[in-house]
Amino acid sequence: MLKLKGYLKPFAGGLLLAIALLFLQAICDLSLPNYMSDIVNVGIQQGGIEHAAPDAISEEGMAFITMFSDDAERTLVGGAYKLIPNLIASKNEDGTGRMYDSRYPQAGENLFIRKQLDTEERAALDRAFGLSAWTFINALQELPFAAESNMADMQDLDLKQLYPYLPLLTMALEPDALQAAHDKAAAQPEPILAQAGALFAKAFYAELGVDTTRMQTMYLLRIGGLMLAIALLGGVATVLVGLISSRAAAGLARNLRHQVFAKIEGFSQTEFGRFSTASLITRCTNDITQVQMFMNMGIRMLCYAPLMGIGGVIMAVNKAVSMSWIIVLAVVIVVGIILVILALALPRFKLIQKLTDRLNLVSRENLSGMMVIRAFGAEAHEARRFDAANLELSRVNLFIQRVMAFIGPMMMLLMNGVMLTVIWVGAHQISQSALQVGDMMAFMQYAMQILMSFMMIAIIFVVVPRAAVSAERIAEVLYTEQTIRDPQAPHAFDPARRGVVEFRNVSVRYAGAEEDALHGLSFTALPGQTTAIIGPTGSGKSTVAHLALRFFDATQGQVLVNGADVREVTQKNLRDTIGFVPQKGVLLSGTVASNLTYGRSEASTEEQRAAASIAQALDFIEDKPEGFESEIAQGGANVSGGQKQRLSIARALVKDPDILIFDDSFSALDFKTDAALRKALREHAADSTVLVIAQRVGTILHADQIVVLDAGQIVGMGTHSELLKTCPLYFEIASSQLSKDELGEELA
Ligand code: ADP
Ligand code: MG
């Protein structure tokens, strides 16, 4: 997978931006439950009052609070408020009074206003107020005549009615009892203190004539609006990340396809031997799609899931440490499930790509060999072969899907289990006043987020190895050392030896073969001459032609074209000087004209006609209704074998090369056409070097030089009449093909 990282460079900027946006998305997603818990705890439970210490408090209220404080708290509270005396008198004098009047319409003569405090001081002050409130509640419960009182009774506390009884209460209480009530309050957890404090603060505000319902509504609207904004922000980030990663993934796939294709273009037969054509096609399509999918989804999950997992744990623990064990347990179970599933599914992913290769291979062979299959009545056999490959693939796919199908329900079960456990445990803690409802709800959401992120990590574990297998297969192609490469410092051709093809003691062994295909071959083909190569099938004739074109390199010896070693010139220069007609005529989809001008796109219509005429193709081309513009189907399926060969020959001639190589190109022609073609060729390509590979002696009878090959060795070289006398193999071939008269003439 890492081997392909170089190809990510053009998208690095976008990906970094996407990762930054993922951070933003995670932060948004993680903060939402927190605000929800604020809405429940503060907005609903505390009546929208955030702080136990109110902004303003009446003189009686201050006396009440300090009554239930210890000395340190009393000093703290005393220092945190300043007294505004004679509020009513000052009302008409300056703006201060009027301002307080509008805020606290029912304030009495004297009012305490909270000073500006920093967050820490404020928290300490809140705690002091919360402690006083709880001390009061605890003290009430100590009284013999007091009914069981709790926080619920404090919801609509009316302080005006309470104040007159305070002196009685203090009198009834032993000093020790007050201390005990305070100690008990100090043992309460922070949120519970805050809650009681906030209820008292609400009462203090109500006493001053503040509209506490409005306060609550404002708080709910403020936090609700904030949540909405955060959700929107997170949504925008999600959309942007999707956009960026999709673009990057599609771009990467495009680049990879381009690179793989370009690489394959430069492959020689050796490399094609290593990868089957089917496998190369799978790598160029299916494998790249896998990598694209990973880029698109995987990267998003890869960054988002750990952020959510870690962030979720931190937030959840913050909300309720006491329930962390639930998360630990759930995560252990999730990891366990994931491990089992991975162990089952992972080894099969590699298999899937291999099986896809095989399916491609079988279907390709079937499609291209359809004629043969029909002619031999082998449809049933082929269908079985295809079915076998198909079944195997679907079997493995099914297995993986079945295993994967477990993930969903298992996660559902687990999530619901976690939810139940949280509610069970949380409800107990809430009833013991150890936990706030909102915190439990937030904890539950964080637990879900954590589980979801582990689920995502599980999916990553599925996508990553799959993509890794594909990436590996793509990298294999991209990092294949091409055996045929242009030299660092290419030489130029020797103008004095233009058209000369020379083999110097050339031996060749195909990769993986046990024996050399050619043994120490030496001969020279000169311009203006026809050099023929004849020999039984498998004797190495095509190999000679391919060596001259440098489709692969000689194992030993040297192949020289135009006086230069083929390994020392560029492949383009080399192939530009050679017109090659392959043994198997291959046409490309397009028109007759587009095929003829394949080697030289600027060739004029006249030149095309001339070449077609030499190749004896003009007649049948002109017989077609659209002439040179007639369609040629893929692979030349809509012309006959002989026509295909003649078009291939014309295509080589249009190039007007110095060297012409015909690899058994006349075999599909009838004798008359063969002869006419050779005659025309002698006239029009008199200066060229012509290399004719043939099986028919008739085709090469008049060649200036004939090379007889047998099992990769030259067993004779000379003209027809010389060879008849000196080369037994040639005599044997000739006598099997020519009539007694023809032979006799020569021998005489
Ligand atoms: P001809 O054209 O004379 O029929 P070739 O030149 O095609 O013969 O092949 C010569 C020998 O090399 C044969 O024995 C053949 O099996 C072997 N051969 C040809 N092409 C390959 C290849 N790509 N890999 C391995 N062996 C090959
Ligand atoms: Mg051949």
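Just after helix H1, Gly-47 takes a positive phi of about 60 degrees. H1 itself covers residues 12-45. This is a predicted model: local features need pLDDT of at least 70, side-chain atom pairs count only at pLDDT 80 or more, and totals for chains, interfaces and linings use all residues. Residues are numbered from 1 along each chain as its sequence is written, chains are lettered from A and ligands numbered from 1 in the order in which they are written, and side-chain values use heavy atoms, with hydrogens and water left out.

- Helices (H or I, at least four residues) and strands (E, at least two) are DSSP runs, numbered from the N terminus.
- H1 has 34 residues and reaches 49 Å from its first C-alpha to its last. That is close to the 50 Å expected at 1.5 Å a residue. The expected span is 1.5 Å times one less than the number of residues.
- Helix H13 (residues 277-319) has 43 residues. Its first and last C-alpha atoms lie 59 Å apart, close to the expected 63 Å.
- H13 bends by about 40 degrees at Arg-283. The bend is the angle between axes fitted to the seven residues ending there and the seven starting there.

**Sheet E1-E3-E2**

- Three strands form an open sheet in the order E1-E3-E2, with antiparallel pairing. Two strands pair if DSSP finds at least two bridges between them.
- Strand E1 (56-58) and strand E2 (81-84) are the edge strands, and each pairs on one side only.
- Neighbouring strands of this sheet are turned by 30 degrees against each other on average, direction ignored.
- E2 and strand E3 (residues 111-114) run antiparallel and are joined by four bridges. Lys-82 stands opposite Ile-113 in E3.
- Helix H2 (residues 59-67) packs on the sheet, touching E1, E2 and E3. Contact means heavy atoms within 4.5 Å. The direction of H2 makes about 90 degrees with that of E1.

**Sheet E5-E4-E7-E8**

- Four strands form an open sheet in the order E5-E4-E7-E8, with antiparallel pairing.
- Strand E5 (518-525) and strand E8 (564-565) stand at the edges with a single partner strand each, so one side of each is left without a neighbour in the sheet.
- Strand E4 (residues 501-508) and strand E7 (residues 556-561) pair in the antiparallel sense over five bridges. Val-501 stands opposite Val-561 in E7.
- Helix H18 (residues 541-548) packs on this sheet and touches E4, E5 and E7. Its direction makes about 120 degrees with that of E4.

**Helix pairs**

- Axes are lines fitted to C-alpha atoms, for helices over the stretch in contact, and angles run from 0 to 180 degrees between N-to-C directions.
- Angles under 35 degrees count as roughly parallel, over 145 as roughly antiparallel, 65 to 115 as roughly perpendicular and the rest as oblique.
- A crossing is left-handed if the near helix is turned anticlockwise from the far one by less than a right angle, and right-handed if clockwise.
- The axes of H14 (residues 324-368) and H16 (residues 379-431) come within 9 Å and cross at roughly 165 degrees. H14 and H16 are therefore roughly antiparallel. Their crossing is left-handed.
- The axes of H21 (residues 605-614) and H23 (residues 641-654) come within 8 Å and cross at roughly 130 degrees. H21 and H23 are therefore oblique to each other. Their crossing is right-handed.
- Residues of H21 that meet H23 include Glu-607 and Ile-614, and Leu-653 is among their partners in H23.

**Pro-465**

- Pro-465 lies in helix H17 (residues 437-478).
- Leaving aside neighbours within four places in sequence, Pro-465 is in contact with Leu-346 and Ile-460.
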